[in-house]
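Read it with the model open beside you, and find each part as it is named.

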Amino acid sequence: MTKLTVNGKECEVQIKPHESLADVLRDQLDLFGVRVSCNEGECGSCTVIMDGKPVTACIVLGMQAEGKEILTIEGIGTVDNLHPIQQAYIEEQGFQCAFCTPGFIMATKAFLEENPDPTEEEAAIGISGNICRCGAYPYIVKSVLNAAKKLQEQQNTE
Amino acid sequence: MKQPFEYLRPNTSEEAVALKAKHKDRARYWAGGTDLMLQWRAGELDIDYCIDLTYLPTLSYVENEQGSVRIGSMASLDDLDYAADSNQLMEVIGHTARLMCTKQTRTISTVGGNMCNASPSADLSVLFVALDCEATIMGSGGSRTVLVENFFKGVNETILKDDELLIEIRLPVPEYPKEACYKRIARTFVDIALISSAVSISSTNGVVTDARISLGSVAPVPIRSRTAEQKLIGLNLLEVDDDILEEAGQLAATDASPISDVRAGKVYRQDMCKVLTRRTVEESVQKLVQKQK
């Protein structure tokens, strides 16, 4: 059995050598917010945060996550208590079908930690590792900027 | 067919090399795995063992030293981006890393993986050749150092022997003025280079003392255009005008032997080889002239 820390909880799973982290998270831990679309590390849908860095979970071996801290969309907010980034995406309608949204939100989280006060162009580059087939990009960029504001306000009141 | 394999996790480079020596070509070193994972899924990877290098604690550094920067083979492309402000040459390397794949794969992809996959279009390899970088390789019998220029043997082929592991890339950072530039043609950021050109130029008292011009995606391995280099050496920086740039570009295009493939045609590649080399030389020279002022 292999020990993973996912969304703050330790869990033990049986991982096959070739199994991707995305498959482990979905099939064994029921974390279906990890969306697998291209399965080639191109589209960003499966983005999770591993030890503070965004990674495409579909091309990381599950075994390579042993001992690391994994954060998925399920770990950042709940229906009753949304994360400011989730709230921002809703306010700005930064999605249409929403299949890609968890990946976008996790990428946004990692990006805003590196650059808390981005320009519009920086925000667009910041989410350039994710593909939205509905083409909601202008609204997604607005969501990132709105989220930046929310996070800064949150920090100021703390 | 997708072949199952066994997962091995060495804790030191020595252990990794010993495992590889034992299983030879039935094993592959697994760095970021961004290439191998796809090959495995496509049924193109026939191995019995994967030797995972991500738990080696000592190979993911980017360290500044007197006269050089040492880049561990397991440093990620994202690490290169972070190290971009250490000097003018690392800035070019960091900029190049930012052109490659996406943020969430740059955190996984490694310098060593990019080099050992030995794709003719690998951005870093072309640049490392132009920057005169050295590669340190470790095998069961000891270590050796080669110029990155001599590291590649063919498409997806390197000089690494069965047991050997790429440990480090060393970037020389001389005291005399040296500037570099990398440019490529690709449809978008994330795309693979259709053709690329990297240049480094050194000067003393305003005269070009050394030039390295390296071209990607025009041959099975990154190649140097020695004729274009010779054209520049000995010139005063201010003598490098439109005519010289045009000539250097033309010489580079003549040295290149691209093929037509799904990404681009031979003639287009040759034309762009000229254009890109012209621009990379021009930008490097401009940087040197600016530093002089």
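In this predicted model, 19 residues of chain A are in contact with 19 residues of chain B. Contact here means that the C-beta atoms of two residues, placed from the backbone, lie within 7 Å. On the side of chain A that touches chain B, β4(A) gives the most, with four residues. By class, that side has eight nonpolar, nine polar and two charged residues. Nonpolar covers Ala, Val, Leu, Ile, Met, Phe, Trp, Tyr, Cys and Pro; charged covers Asp, Glu, Lys and Arg; the others, Gly among them, are polar.

Some ground rules come next. Residues are numbered from 1 along each chain as its sequence is written, while chains are lettered from A and ligands numbered from 1 in the order in which they are written. As the model is predicted, local features need pLDDT of at least 70, side-chain atom pairs count only at pLDDT 80 or more, and totals for chains, interfaces and linings use all residues. Helices (H or I, at least four residues) and strands (E, at least two) are DSSP runs, numbered from the N terminus.

**Domains**

Take chain A. Its domain 1 puts 12 residues in contact with 12 residues of domain 2. On the domain 1 side, β3 (47–50) and β4 (53–56) of chain A are the elements that give two or more residues. The largest share, three residues, comes from β3(A). That side of domain 1 has six nonpolar, four polar and two charged residues.

Now chain B. The contact between its domain 2 and domain 3 takes 22 residues from domain 2 and 25 residues from domain 3. On the domain 2 side, α4 (88–99), α7 (123–130) and β8 (152–154) of chain B each supply at least two residues. α7(B) gives the most, with six residues. By class, this side of domain 2 has 12 nonpolar, six polar and four charged residues.

**A hairpin in chain A**

Strands β1 (residues 2–6) and β2 of chain A pair in the antiparallel sense over five bridges. Two strands count as paired if DSSP finds at least two bridges between them. A:Thr2 stands opposite A:Val13 in β2(A). Two residues lie between the strands of this hairpin, and A:Asn7 in the turn has a positive phi of about 50 degrees.

How many of the five residues of β2(A) are buried? The count is zero, and this strand (residues 9–13) is hardly covered. A residue is buried if 20 or more other C-beta atoms lie within 10 Å of its own, exposed if 12 or fewer, and partly exposed in between, with C-beta atoms placed from the backbone.

α7(B) is largely enclosed by the rest of the structure, because eight of its eight residues are buried. Among them are B:Leu124, B:Phe128 and B:Val129. After the helix comes B:Asp132, with a positive phi near 65 degrees.

Four strands of chain B form an open antiparallel sheet in the order β11-β12-β13-β14. Its edge strands are β11 (178–185) and β14 (223–224) of chain B, and each pairs on one side only. Strand β13 (residues 207–216) of chain B and β14(B) pair over two bridges. There, B:Leu215 stands opposite B:Ile223 in β14(B). α7(B) packs on this sheet and touches β11, β12 (195–204), β13 and β14 of chain B. The direction of α7(B) makes about 20 degrees with that of β12(B); axes are lines fitted to C-alpha atoms, for helices over the stretch in contact, and angles run from 0 to 180 degrees between N-to-C directions.

**Chain B as a whole**

Chain B has 10 helices and 14 strands. Its C-alpha atoms fill a box of roughly 60 × 45 × 35 Å along the principal axes. Of its 293 residues, 50% count as buried.
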